[in-house]
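Have the structure open while you read.

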Amino acid sequence: LSQQGTFLAQGQLLNKTLIAARLVTILRISVTGISLGSQFILARLLAPASFGQLVFLLFVLDLAGRITSLQSEKGIIRDQEDPQQALHAYFTFEGILSVSVALVLLLSGPTLMEVLGKPILALPLQIGAGLLIFRWLRAPLILAKKELDFHVVTRITLIGELIKPTVSIFLAWNGFGFWSLLWGLVAYEISQVILIWIWVPFRPRWIFERSRAFEMLRFALPLSASGLLSYWYWRIDDFWVGKLLGDEQLGYYWMAFTIPHTILGYVENLDRVTYPAFAKAENDAQIIRGFELVTRFSAIVLFFPAIASFLWAEPIITLLFGDKWLPAIVPFQIFMLLIVFRGTFRHWANIAILKGKTNIFLIVVAASAISVTGFVYWLTPLYGIIGTAVGVVIAMLGVSPIYFIWFKRILPISYLPAIWKPIVASVVALLIGTLLRHTLGMTDPLFVSLSIAITGIVYLMLIFLLDKEIVGLIRSRIFSRLDTT
């Protein structure tokens with residue numbers, strides 16, 4: 001009976017996880033579509049410099065946001081004893097930090113931007129300081145994620161993702177330039193807070209518990225420190241491009257970086273499901289099984305977009321964004337290849353957090369932050385935004401052996417058995433796509449679309465033939481009606 005109960009619990013966990021995965025899949029597809037669609041429109045309405053100004057502003061604001069973060073989402077989801085009390089504690093401490101840092105930005109915004117050489121962004125920085133408060137007030141949504149209640153998460157996120165581009169496109173159409181992007185972001189944050197406090201039943205309170213504070217800080221500080229360094233090495237490239245090359249080149253670089261990482265966001269969104277699922281797993285065998293599936297699924301999702309960008313980047317960029325964005329092509333291709341690596345091999349981090357082995361993050365990210373700062377600062381003045389993209393790739397690949405070797409000590413996992421099938425399908429699809437490109441050319445949009453479609457069909461057919469396990473899982477568990485009893 002005990003063994004029977006264990007199997008039942010495992011089945012219920014799998015079903016609940018897959019229901020959440022289905023919702024996250026729908027959410028990510030919707031958000032990606034909305035995001036890319038709005039980017040297409042805004043890229044044609046606004047100058048690249050407008051995007052460059054927003055990116056530089058967000059570098060400062062998000063860096064401040066990292067300072068205020070105590071990793072509340074991971075900490076509350078990890079808490080198995082009293083997550084409601086954990087919510088109160090994180091809400092209290094992050095609230096103190098958020099309000100304090102927002103006040104500092106409000107008072108020192110003009111001086112800070114003068115020092116950074118961007119005085120035109122002083123007022124936007126003061127307005128953006130309020131975003132720190134709005135993000136802190138999202139705290140009640142964390143408990144909904146812990147319970148895998150992604151129905152409410154999906155509704156709230158989709159509404160916000162519709163409000164943001166609607167406001168931005170309306171203002172851009174009426175000539176507001178950079179300000180259309182900023183006010184769209186503000187509208188998004190306000191809508192999220194209002195909807196969360198209406199639809200989510202959990203209500204955090206200001207409660208200071210010294211005993212819980214020490215436990216919370218012991219868990220959060222390594223993650224927060226590594227998160228701050230991680231943000232630094234993922235965004236210091238924006239800072240150097242903006243400082244060394246100007247707003248227009250930063251706009252091109254933003255485009256090259258954003259499109260691939262919007263696609264990567266789909267895979268990153270799976271972590272919202274896999275981390276709570278791993279946390280509920282009863283043994284390492286369940287964790288390994290889930291890890292191999294999500295790794296293979298990530299590879300399947302990411303390989304084909306990289307093939308398409310490698311073969312048809314120029315006609316895709318020209319058709320969707322216009323000729324003015326052509327300087328973004330080569331960095332775009334570089335980052336498309338990078339997200340394949342980053343997205344496929346990212347899921348080890350959730351297991352490290354679950355096992356409480358968070359110190360590795362500080363080591364990996366510190367090495368990455370140092371290397372990316374040096375490579376980007378060196379290569380950007382020499383080769384422009386192409387040098388910046390290459391510097392980021394060198395830095396990331398250079399530190400990867402650290403966590404590959406370390407991860408082997410936690411769980412006996414091998415990546416090659418998990419991803420060899422997508423690799424085979426990708427190689428064949430790449431050969432077919434190359435033949436089609438030379439045969440049909442790259443000037444006619446119809447022929448380009450036909451080439452991409454045929455290559456994509458070949459890729460999916462090969463996945464279907466080689467990996468019936470994951471195809472069957474998708475068909476029977478995620479995109480069909482699930483039996484949760």
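**Notes on the fold and its aromatic rings**

1. Keep in mind that this is a predicted model. In the protein chain, 84% of the contacts with a separation of 6 or more are between residues 24 or more positions apart.

2. On secondary structure, the protein chain has 17 helices and 0 strands. Of its 485 residues, 54% count as buried. The accessible surface of the chain is about 21,400 Å², and carbon and sulfur atoms account for 68% of that.

3. Now the rings. The count of aromatic pairs comes to 19. Take Tyr253 and Phe335: this pair is edge-to-face, with 5.6 Å centre to centre and 75° between the planes. Tyr253 belongs to helix α10 (residues 247–280) and Phe335 to helix α12 (residues 329–344), so to speak a link between distant parts of the chain, 82 residues apart.4.

4. Which residues form it? Phe56, Phe59, Tyr231, Trp232, Phe239, Trp240 and Tyr377 do. One of these rings, that of Phe56, has a charge over it: the charged end of Lys118 sits there, 5.1 Å from the ring centre.

5. A second case of a charge over a ring involves Arg155 and Trp199. Here the charged end of Arg155 sits over the Trp199 ring, 5.1 Å from its centre.

6. Finally, have a look at Lys408, which is found in helix α14. With a relative accessible area of 48%, Lys408 is partly exposed, because the exposed class needs over 50%. Leaving aside residues up to four places away in sequence, Lys408 touches Ile413 and Ser414. How far is Lys408 from Trp348 in space? The distance is 9.9 Å, C-alpha to C-alpha, while the two are 60 residues apart in sequence.

How values were computed: Residues are numbered from 1 along each chain as its sequence is written. This is a predicted model: local features need pLDDT of at least 70, side-chain atom pairs count only at pLDDT 80 or more; totals for chains, interfaces and linings use all residues. Side-chain values use heavy atoms; hydrogens and water are left out. Helices (H or I, at least four residues) and strands (E, at least two) are DSSP runs, numbered from the N terminus. Buried means under 20% relative accessible area, exposed over 50%, partly exposed in between (1.4 Å probe, protein chains only). Contact means heavy atoms within 4.5 Å. Accessible areas come from the Shrake-Rupley method with a 1.4 Å probe; for residues, only the protein chains shown count as cover. Rings of Phe, Tyr and Trp (its six-membered ring) pair if their centres lie within 6.5 Å; planes under 30 degrees apart count as stacked, over 60 as edge-to-face and the rest as tilted. A charge sits over a ring if NZ of Lys or CZ of Arg is within 6 Å of the ring centre and within 35 degrees of the ring normal.
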